[in-house]
Amino acid sequence: MRPITLDGFERSFTHDPDPWRTFSDHDEAIKRTAILHAIGFTTCGRVLELAAGNGSNSRALAARSLRLDATEATAAGTKLVAAALRGRAPRARTIRLAVPARFPRGQYDAVVIAEMLYYLSPKAMKQTAQDVARALRPGGMLVLAHHRIDFHDFAQHACHLQQTFLTQTGREWRVRIVRRTRRWVVLACTLL
């Protein structure tokens, strides 16, 4: 594996606003539906989305949130997320943020992390796990949506990565598998 850098993501989003076809691919639509099922069918309060990419999940999350902070590490991605969320202010806002970093708000009712963990170094992932645990209110929902198979640009192997992240939070979780395919899994993790 040869890990992609933030510059690599920047080039991808600059060259193509949907490099992984997250807006148009049928499998991505199924994954997005699973993410929404994980959050629940009622409106959620404050939601943090880490690594929003091009905003393909952000638009759907904004409709389910009283307040959405959609973060993205790249300048090009941040512009794409802002475009996806256009017209949804002040309930939804786009923030440029590369983890680990201080989150925009002190506490959230839900945190969504999709397709990000395997791009982090082990050290950055551990710090992000601890930051998420501090920012999520007791009883809050952490949604994890990641591939189960490796790709050439990962910094870490996908297998067991979500469980490792949960362990690194140092907290206890009630975990429910929302949807699992051969390629990816979406987990709904309630902070106990």
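Just after helix α2, Gly-40 takes a positive phi of about 115°. This is a predicted model, so to speak of local features we need pLDDT of at least 70, while side-chain atom pairs count only at pLDDT 80 or more, and totals for chains, interfaces and linings use all residues. Residues are numbered from 1 along each chain as its sequence is written, and side-chain values use heavy atoms, with hydrogens and water left out. Helices are DSSP runs of H or I with at least four residues, strands are runs of E with at least two, and both are numbered from the N terminus.

**Helix α2**

- Helix α2 covers residues 26-39, and its 14 residues should span 20 Å at 1.5 Å a residue; the end C-alpha atoms are 20 Å apart, which agrees. (The expected span is 1.5 Å times one less than the number of residues.)
- Which residues of α2 are buried? They are Glu-28, Lys-31, Arg-32, Ala-34, Ile-35, Leu-36, Ala-38 and Ile-39. (Buried means under 20% relative accessible area, exposed over 50%, and partly exposed in between, with a 1.4 Å probe and protein chains only.)
- An α-helix has 3.6 residues a turn, so residues three or four places apart point the same way.
- The buried residues of α2 pack against β1 (44-50), α3 (58-63), β4 (108-114), β5 (136-147), β6 (173-180) and β7 (184-191).

- Ile-39 sits in helix α2 and counts as buried because its relative accessibility is 14%.
- Beyond its neighbours within four places in sequence, Ile-39 is in contact (heavy atoms within 4.5 Å) with Cys-44, Leu-61, Val-112 and Val-143.
- Ile-39 and Leu-187 are 148 residues apart along the chain, and 9.9 Å separates their C-alpha atoms.
- Ser-65 belongs to strand β2, and at 2% relative accessibility Ser-65 is buried too.
- A polar atom of the Ser-65 side chain lies 2.6 Å from the backbone oxygen of Leu-61.
- Setting aside neighbours within four places in sequence, Ser-65 is in contact with Thr-43, Cys-44, Gly-45, Val-47 and Arg-91.
- Is Arg-11 buried or exposed? Arg-11, in helix α1, counts as exposed, with 56% relative accessibility.
- Arg-11 and Ala-76 are 65 residues apart in sequence, yet 8.3 Å apart in space, C-alpha to C-alpha.

**The pockets**

- On a 1 Å grid over the protein atoms alone, a pocket is an open set of points with protein on both sides within 12 Å along at least five of seven lines, where a 1.4 Å probe fits; lining residues have an atom within 4 Å of a point.
- Of the 42 residues lining the largest pocket, Phe-9, Ala-114, Glu-115, Met-116 and Tyr-119 are the closest to its centre.
- Elements giving two or more residues to the lining of the largest pocket are α1 (6-15), α2, β1, β2 (65-72) and β4.
- How does the lining of the largest pocket divide? It has 22 nonpolar, 10 polar and 10 charged residues. (Ala, Val, Leu, Ile, Met, Phe, Trp, Tyr, Cys and Pro count as nonpolar, Asp, Glu, Lys and Arg as charged, and the others, Gly among them, as polar.)
- The second largest pocket holds about 320 Å³ of space.
- Among the 15 residues lining the second largest pocket, His-160, Gln-162, Gln-163, Arg-180 and Val-185 lie nearest its centre.

Note on methods
Points joined across faces, edges and corners; volume = space filled by probe spheres on them. Polar contact = N/O pair within 3.5 Å; in protein donor to acceptor, adjacent residues only side chain to side chain.
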